[in-house]
Amino acid sequence: MPLSKLFTGLVVLAAVFGLTALAVLGFTAREVDRLGAEQLRAHQVARDVSSMLALTHEYILHGEERAEQQWRKRYATLMQSLDVGGPASDSRVTRADLHDALQVLPELFNGLVGVSTSGQRDLLTRKRSELLVDRLLTETQAISEAAFQWESQATEARAVIERRLITAAISLPALLSLAFTGAAWLLARRVLKPIGAIQNATAIAAAGNLAVRCNSSARDEVGDLARGFDHMANELQSRTQSIQAAEAFLRNITDNLPVRIAYVDSELRYRFVNRRHCERFSCAREEIIGRTFSEFDGQAADPKVESQAAAALAGEKSTLEFTEAIIGRSACIERSLVPDVAADGTVKGFFSTDVDITERRRQRAEVERALEEKEVLLSEVHHRVKNNLQVISSLLQLQSRTIESPETRELFADSQNRIRSMALIHEKLYQSHDFAQVDFADYVQSLVRMLEASQGGGRGSASIQVRAVPMAIDIDRAIPAGLILNELVSNCFKHGFPDGRTGHIDVTLHAHNGDQATLAVKDDGAGVPTGFDPASTDSLGLQLVHMLADQLGGSLSFEHARGFSCELVFATRKLPSKVSRQRDWQPS
Amino acid sequence: MSVRAWTTRRILGLIMLLSLTFECVAGELVFAVARTAMSLPIYVAQSEGYFAAENVSVRITDCAFGKLCLSQLLDGKAALCTAADLPIVFASFTSNRFAILATLATNRSDAKIVTRKSSKVRAPADLRGKKVGVAVGTSAHYFLDSVALLSGLDPASIQLVDLRTDEMTAQLLTNRVDALSAFEPFAFQAAKALADDALVLSTSRTYTLTWNIVAAKDGLTANDRDVEGILRALDRAIHLIEIDPGRAQSILKARLDLNDEGVAWVWPDLAFELGLTQSLIKTMEGEARWALRSGYAQGREPNYLRYIQEGPLNRVKPGSVAIVR
């Protein structure tokens, strides 16, 4: 039976029992009172009837008027007391019986008084008188006995009810005690004992033995509780095994990693260390867990270590490199501390990883040295290329001095400019120490100034203005773009301002759409002859421009309505450079 | 007196004594019981097996009224009998070998004066010179005298006709008597026979009859345990009458061949209570004086304490004996 029903039943039973007991006691006490009152009344009646019997005797003996008066008074009192209402008596002799019996007395007494006072002494009168005396005495005696019997019955009834009251007063507490004992026994058997078993099982489980079970068969709430405990223990055991397996797996991982891993709480006490960490301190894991940071190796004495730990507890990630002696060698350690931040923002501790970066440092130094050597070498290469191109250009100039034909000398001069424009690229490269990219704006400025300086007299003069936005361009794209600029600016100088004409040349370079660049050359000179088509001309310079533009994958557009204008749009880089010290180009 | 004569007397006395001891046949007590409603506790005890429950073997023999029952007891034909107070009083003048064990019932109206309406007797005073049938020496006789005296009528002015109980009704019906002074159930039988012509005079409370258990003194001690058993059975029967009057009335009807009308006639006047009271002695003393005055008995007024054996009742029902000895 469920305990709730059982205890409800017990409570109801106790209430019913208690109320019944109260009702019984109350009823019995009321009965005691009632019977006490009846006993008192019966006693009074018995005393009055006895008194009447004595008065009857007195009157019979002496015929005194006083006795007659008292007899009548006593009779009236008696009848009145029997007339008084009240609950009916349980006695076999009742007030009604006595009242009925008493009614015969006045007739007999009056008859006796009549005979006594008549003065007649004949035989009949004597017989009558004797009969009346006998009847009166007998009836009064009978009534007296009945009254005493009534009193006796009332006394007996009261004694019975008092005994019942005493029995109830004794037995009810005994029954209550028995009932409470039964309830306590039931409580102990059905509740306390099973709960004790669950308590014991809980203590055993709390001590780590999750195999403990209650195995209760009770079909009540405590039984449900015990089964709930068993189910919980099953789940706990299963999950603990899973956690232990996961923990072993993770420990296996952390123990086999070539790093020292630890978790330190907000009081700077170790909560977790892996095998490497234990090896460092030459202590078992259990000896480390729970001890403070400062208890090992004088870590707290190192102000950098101390401040790093403080920073981690303040919520900051940090990395610290330091040197320590490990098995007779000096090792460089990189310690990273990552704070363990709770959901509410408080720092519960930090994760610590110590990585031996001694080898990594050595390798990095070697790479840096090799890179430096390569840069020197590349610089030298570019320098030599530039020098060689300048030598070629100088040779062409020396040779052109012997040429009498101005057209041929001009061709040589054009070739010289083209070689110089290429040499300028290499110069910019080794000067910039970036061997993959060149600042094209700087290059444009330098090239334009060089071309301006190389222009001879006989032709008109033009001022030239360069507006270039800094941008980095790969070397393999900078050379064709530079050659195109060389051709366009050379053409402007060569054809735009004939016969002493003056004017202005604009060179602009700007970037757009991320990696797109627009290079424009525009003059306000004489323009092109009528019918001139820049796409189909047999001019070597313009053919080079078209060819190089195709090489760049760029597009060319010409405008010669007023002066000459050419605009090249091309991509600044084709592929990212694989060899670069700086991933992002910074303008110098 | 010669020795022979003395010896003969002793032998005769012994024979008489033996004849007056309890009538016990094979351990069976003979109980002479008058056929009246006042004997109901005895009928109930027998019917309900209360005597057997007390391990007392009782054989009930019926008799018409108490005087005859007492005669049977005095004749040694019964160990116990029922009797009203008056037959006991008469017997007390001639014998002292019996004792009253207990009063079984009282009745204020057992005896009645039944007359015909046509006889013009309307009150006891009208009985002067009338023939009144009565069983002389019974309580009905004492009742008639008392009624007459209390009414200012000289009993001698009434013509008494001594009748057997079984002839009373016929005598009244045939006008051989003007009235009857009879106890129950004969008063009822007469009234029923007269039907609408019956008239019962108002005489209530004139006389309270006591109905008693009487035992022969000899052998009383030897049968003390049986007597106590009988008294316990009778007390138990009275208790049943109180708590289950319907059942008691059924037993009464079956035992006395009464119908509902007969039971309704007698039942209101019956009061069953096992006891021994001082009023019993007073009643008997008064009756003894009446008997002496009237010349129905001779000798000295007996001391009725000697005729009362309260020991068994005291043991069976303590507190029910109100006689000081």
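Begin by selecting A:D48, which lies in helix α1 (residues 3-62) of chain A. Helices here are DSSP runs of H or I with at least four residues, strands are runs of E with at least two, and both are numbered from the N terminus. The model is predicted: local features need pLDDT of at least 70, side-chain atom pairs count only at pLDDT 80 or more, and totals for chains, interfaces and linings use all residues. Residues are numbered from 1 along each chain as its sequence is written, chains are lettered from A and ligands numbered from 1 in the order in which they are written, and side-chain values use heavy atoms, with hydrogens and water left out.

Is A:D48 buried or exposed? A:D48 has a relative accessible area of 1% and is therefore buried (under 20% relative accessible area; exposed is over 50%, partly exposed in between, with a 1.4 Å probe and protein chains only). Leaving aside neighbours within four places in sequence, show A:R74, A:T77 and A:L78, which are in contact with A:D48 (contact means heavy atoms within 4.5 Å).

Next, select A:M450 in helix α12 of chain A. A:M450 is buried because its relative accessible area is 19%. Beyond its neighbours within four places in sequence, A:M450 is in contact with A:N417, A:R420 and A:S421. Draw a C-alpha to C-alpha distance from A:M450 to A:L424: the two are 26 residues apart in sequence and 9.4 Å apart in space.

Now display helix α11 (residues 406-432) of chain A together with α12(A); their axes come within 10 Å and cross at roughly 145°. Axes are lines fitted to C-alpha atoms, for helices over the stretch in contact, and angles run from 0 to 180 degrees between N-to-C directions. The residues of this contact divide into six nonpolar, four polar and three charged. Ala, Val, Leu, Ile, Met, Phe, Trp, Tyr, Cys and Pro count as nonpolar, Asp, Glu, Lys and Arg as charged, and the others, Gly among them, as polar.

Among the contact residues are A:F440 and A:L447 of α12(A) and A:A478 and A:F493 of α13(A). By class, this contact has 11 nonpolar, three polar and one charged residues.

Finally, select chain B, which has 13 helices and 12 strands. Buried residues make up 56% of its 325 residues.
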